[in-house]
Amino acid sequence: MTPEQVDIYRKASQTGAISDEMNPLYLFSITHTHLLIRIVSGELDARVLAGMELNRRSHELGKDFPAEGIEKKAAQKKTVGKSKGRKFQNGLK
């Protein structure tokens, strides 16, 4: 996103020309910091996750992203070391 686009979306938000749910500046506003770190580090692929959600919603663009996931090679990029996030009861990080 260019600085010009950021400015356009900020102004649209201030004037109410765009709803918060449609404003890409707020896309990750409720996403836990740990997940954002995993996305930025390349451990999670936000494009694949979005595609899986589109598939769940039966959208045409999600057809190549099965809801149960895609091959690990395509879904996850190699990372250095382990994620240092907290572990949840079901074993997920």
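A salt bridge is taken here as a side-chain nitrogen of Lys or Arg within 4 Å of a carboxyl oxygen of Asp or Glu. In these terms, Glu-53, Arg-56 and Arg-57 are linked in a network of salt bridges. The model is a predicted one, in which local features need pLDDT of at least 70 and side-chain atom pairs count only at pLDDT 80 or more, while totals for chains, interfaces and linings use all residues. Residues are numbered from 1 along each chain as its sequence is written, and side-chain values use heavy atoms, with hydrogens and water left out.

**Overall layout**

The chain has 4 helices and 0 strands, where helices (H or I, at least four residues) and strands (E, at least two) are DSSP runs numbered from the N terminus. Read from the N terminus on, the elements follow the order α-α-α-α. Of the 93 residues in the chain, 20% are buried; buried means under 20% relative accessible area, exposed means over 50%, and partly exposed lies in between, with a 1.4 Å probe and protein chains only.

**Salt bridges**

| Pair | Distance, N to O |
|---|---|
| Lys-11 and Asp-7 | 3.1 Å |
| Arg-56 and Glu-53 | 3.1 Å |
| Lys-63 and Glu-60 | 3.1 Å |

Lys-11 and Asp-7 both belong to helix α1 (residues 3–15), where they stand 4 residues apart, about one turn of the helix. Lys-11 has a relative accessibility of 48% and therefore counts as partly exposed, and Asp-7, with a relative accessible area of 35%, is partly exposed. Arg-56 and Glu-53 are both in helix α3, 3 residues apart, which is again about one turn of the helix. Arg-56 is partly exposed because its relative accessibility is 47%, and Glu-53 is partly exposed because its value is 32%. For the remaining pair in the table, Lys-63 is exposed, and Glu-60 is exposed as well.

**The largest pocket**

Rolling a probe the size of a water molecule over the atoms shows where empty space is left. The search runs on a 1 Å grid over the protein atoms alone, and a pocket is an open set of points, where a 1.4 Å probe fits, with protein on both sides within 12 Å along at least five of seven lines; lining residues have an atom within 4 Å of a point. Grid points are joined across faces, edges and corners, and a volume is the space filled by probe spheres set on the points.

The largest pocket has a volume of about 340 Å³. Its lining consists of Leu-27, Phe-28, Thr-31, Leu-35, Ile-39, Leu-44, Ala-46, Leu-49, Ala-50, Glu-53, Leu-54 and Arg-57. Helices α2 (33–40) and α3 (46–56) each supply at least two residues of this lining, and the largest share, 5 residues, comes from α3. By residue class, the lining divides into 9 nonpolar, 1 polar and 2 charged residues, with Ala, Val, Leu, Ile, Met, Phe, Trp, Tyr, Cys and Pro counted as nonpolar, Asp, Glu, Lys and Arg as charged, and the others, Gly among them, as polar. Glu-53 and Arg-57 are among the lining residues, and both also take part in the network of salt bridges with Arg-56.

**Surface patch and loops**

Met-1, Leu-25 and Tyr-26 make a nonpolar surface patch of about 280 Å². Patches are made of residues with over 30% relative accessible area and no salt bridge, with nonpolar side chains (Val, Leu, Ile, Met, Phe, Trp, Tyr) joined within 5 Å and like charges within 9 Å; the accessible areas come from the Shrake-Rupley method with a 1.4 Å probe, and for residues only the protein chains shown count as cover. Leu-25 sits in the loop between α1 and α2 and is partly exposed, with a relative accessible area of 31%.

The loop between α3 and α4 (72–75) contains Ser-58, whose phi is near 60°, a positive value in a residue other than glycine. Ser-58 is exposed, with a relative accessible area of 65%. Gly-69 lies in the loop between α3 and α4 and, at 23% relative accessibility, counts as partly exposed. Gly-69 and Met-52 are 17 residues apart in sequence, while their C-alpha atoms are 6.9 Å apart in space.
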